[in-house]
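This report goes through one structure, chain by chain and feature by feature. The sequence and coordinates come before the text.

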Amino acid sequence: MFAHMPTAPAAVITGNPVLWALIAPFAAPLVLIAVFFHFLPEITRRDIFFAVTVDPAFRNTRDARSIIRRFRVEVRIHSGMGLAIAFVGVAARQPLVPLAGVAWQTGGVLHAFLRARKHTMPYASPPSARREGTLIPRPAGGVAHAFLQAGPFAILVGSALYLAANWQRIPERFPVHWGLDGQPNGWSTRSVAGVYGPLLIGFCLCAMIELFSYGILHWTRQVRASGPGALAETRFRRVQAGILVALEYFFALIFNGLGVLRSHPEQEPRIGLFLLGTFVFIFVLFVILIRTGQGGANLSKAGRDLELVPEGPIGDRTPDQCWRAGMFYVNRNDPAVLVEKRFGIGYTLNFGRPAAWLLLGLILASAAIPLVIALVSVHAR
Amino acid sequence: MKQAPFIQIDLSSRVPAYEQIASEIRASLVAGDLPPGSSLPTVRQLATDLNVHHNTVAQAYRILAAEGWLDLRRGRGVRVLSRSNPARAAGNDQRNFDLQLRRLLAKAVAEGVSPTAIARQLAVHARHVKAWASARGD
């Protein structure tokens, strides 16, 4: 991507729109990550603070505010450093340096999180031994839901049929991968693997996401079964599953676009539009996630208010000691395969359950299939 | 939106979890929150929600099935049955019930629950039991 960049000293970078266009793909995720981590303490359940179960009133104390303040300062410093490194890398035309900026920020904010967690540990409060369970089965989706879920697969199958009908229009050799500057850097040949491979990748990806979407709706724990918190939690699960279905459509449309490009080699790929679409999609996702909060904590007034119960905090009904670094949950005594994350929003695997390892194996397999197809069908020249 | 029926258990209690689950579901059945023909969550789902072992929930379901409340036939999920009227309690069972109720009332008074509140709650539960019994023509 840097080969076609005009030579320009870093001093005049601010006046160079091409340089800005090249920096944007790195700067945008860095800024989004910084914003997300800034809001991280606000989007967890009120009785989970930096992955530690605490009394809900704790977050209003001076100590809690001090921990948040320090965490946010560190996030700003590391994000600023990451941006500066990415900026210098693009200006110096060193393609690996901007990635180092992303790595700096990621490592920095993770370190800030772990430090904040360590400072929160002394305030940990034993969670309530009281448990709730709803007595109605989780509703199965209706016909409309089934149609919605089938959509991405229908798009991919439609694309495959279109390519089969226009097989002769596909050139013997065609580009399948492009740099950020729009220049192709990977080619494939007119073969079954070369033409249908990306569609198979899309199919596997969508099937994997679909499985997780189903898992969120049917295999996760309902932490609260009563009160407004329960309704907020149900809405949260639906939002999460909906986001995954939207992600399936996003991938299906990308792979569908790639398919169309094969039979219309005269068409240039719109990399800028693709990047803009990706950014808008991720931005909307961030806004939705921040507005819902973990477990629907921000969806209802009850979720936002302090939930003081005499037996102690409710949390997410998982014990603190089973969380490794506040990110990985390992509890073989917990029947749940998917549990609420304590780092970020959504659900994560319970690595104490064999089914979780099976799911992880499926994820790795779905990642390996594209690699095998790429090795078989994509050539650098 | 109407609140779905739910149960609460206390894992720090000396009463075994399966007994608590069975008691809570039984209370919902008597209160009419779970009409005949309605479905209960699967063993796996309720165990996940309560964070207890599958066997704990399965045992509670088996107790209720033995009492004639639930149908646990494989492949059909867990269904609430239209329970036929049980035989009149034997003298020992009646005395056991009285004893348990007296102990429970004494404990509540000792813990500071006002007699008015106790009487009100007893009246509420008595209404539920009567409604359940009259629905079955008892």
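## Model and overall make-up of chain A

The model is predicted. Chain A contains 9 helices and 10 strands. Of its 381 residues, 48% are buried.

Among the contacts in chain A with a separation of 6 or more, 70% are between residues 24 or more positions apart.

Chain B has an open sheet of 3 strands in the order β2-β4-β3, and the pairing is antiparallel. Its edge strands are β2 (39-40) and β3 (70-71) of chain B, each of which pairs on one side only. Strands of a sheet pair through backbone hydrogen bonds, in either a parallel or an antiparallel sense.

Strand β3(B) is joined to β4 (residues 78-80) of chain B by 2 bridges in the antiparallel sense. Within β4(B), Val80(B) is the residue opposite Leu70(B).

## Helix α3 of chain B

Helix α3 of chain B covers residues 54-66. With 13 residues at 1.5 Å a residue, the helix should span 18 Å; the end C-alpha atoms are 18 Å apart, so the two values agree. After α3(B) comes Gly68(B), which has a positive phi near 90°.

The buried residues of α3(B) are His54(B), Thr56(B), Val57(B), Ala58(B), Ala60(B), Tyr61(B) and Leu64(B). Their cover includes the helices α1 (17-31) and α2 (43-50) of chain B. It also includes β2, β3 and β4 of chain B, and these are the strands of the open sheet described above.

## Cysteines

How many disulfides does the structure hold over all chains? The count is 0. Cys204(A) is in no disulfide, and the nearest cysteine sulfur to it belongs to Cys206(A), 9.5 Å away. Cys206(A) is likewise in no disulfide, with the sulfur of Cys204(A) as the nearest cysteine sulfur at 9.5 Å. The cut-off for a disulfide is a pair of cysteine sulfur atoms within 2.5 Å.

Are these cysteines buried or exposed? Cys204(A) has 18% relative accessibility and therefore counts as buried. Cys206(A) counts as buried because its relative accessibility is 0%.

## Aromatic pairs

Over all chains there are 19 aromatic pairs. One of them is formed by Phe37(A) and Phe343(A), a tilted pair with 5.7 Å centre to centre and 50° between the planes. This pair links distant parts of the chain, 306 residues apart: Phe37(A) is in helix α1 (residues 17-43) of chain A, while Phe343(A) is in the loop between β8 (338-340) and β9 (347-349) of chain A. Both Phe37(A) and Phe343(A) are buried. A second pair, Phe279(A) with Phe283(A), has ring centres 6.3 Å apart and planes at 20°, so it is stacked. Phe279(A) and Phe283(A) are 4 residues apart in helix α7 (residues 271-292) of chain A, about one turn of the helix. Phe279(A) counts as partly exposed because its relative accessibility is 33%, and Phe283(A) counts as partly exposed because its value is 43%.

Phe37(A) and Phe343(A) also belong to one aromatic cluster.

Gly142(A) sits in the loop between β3 (130-134) and α4 (143-165) of chain A. Its relative accessibility is 44%, so Gly142(A) counts as partly exposed. The C-alpha atom of Gly142(A) is separated by 19 Å from that of Ile209(A), and the two residues are 67 residues apart along the chain.

Gln149(A) is placed in helix α4 of chain A. At 16% relative accessibility, Gln149(A) counts as buried, because buried means under 20%. Leaving aside residues up to four places away in sequence, Gln149(A) touches Glu210(A) and Glu248(A).

Notes: Residues numbered from 1 in each chain as written. Chains lettered and ligands numbered in written order. Predicted model: local features only at pLDDT ≥ 70, side-chain atom pairs only at ≥ 80, totals over all residues. Heavy atoms only, no water. Buried < 20%, exposed > 50% of the residue type's maximum accessible area, 1.4 Å probe, protein only. Contact = heavy atoms within 4.5 Å. Pairing = 2+ DSSP bridges. Expected span 1.5 Å × (residues − 1). Phe/Tyr/Trp six-rings, centres within 6.5 Å; stacked < 30°, edge-to-face > 60°.
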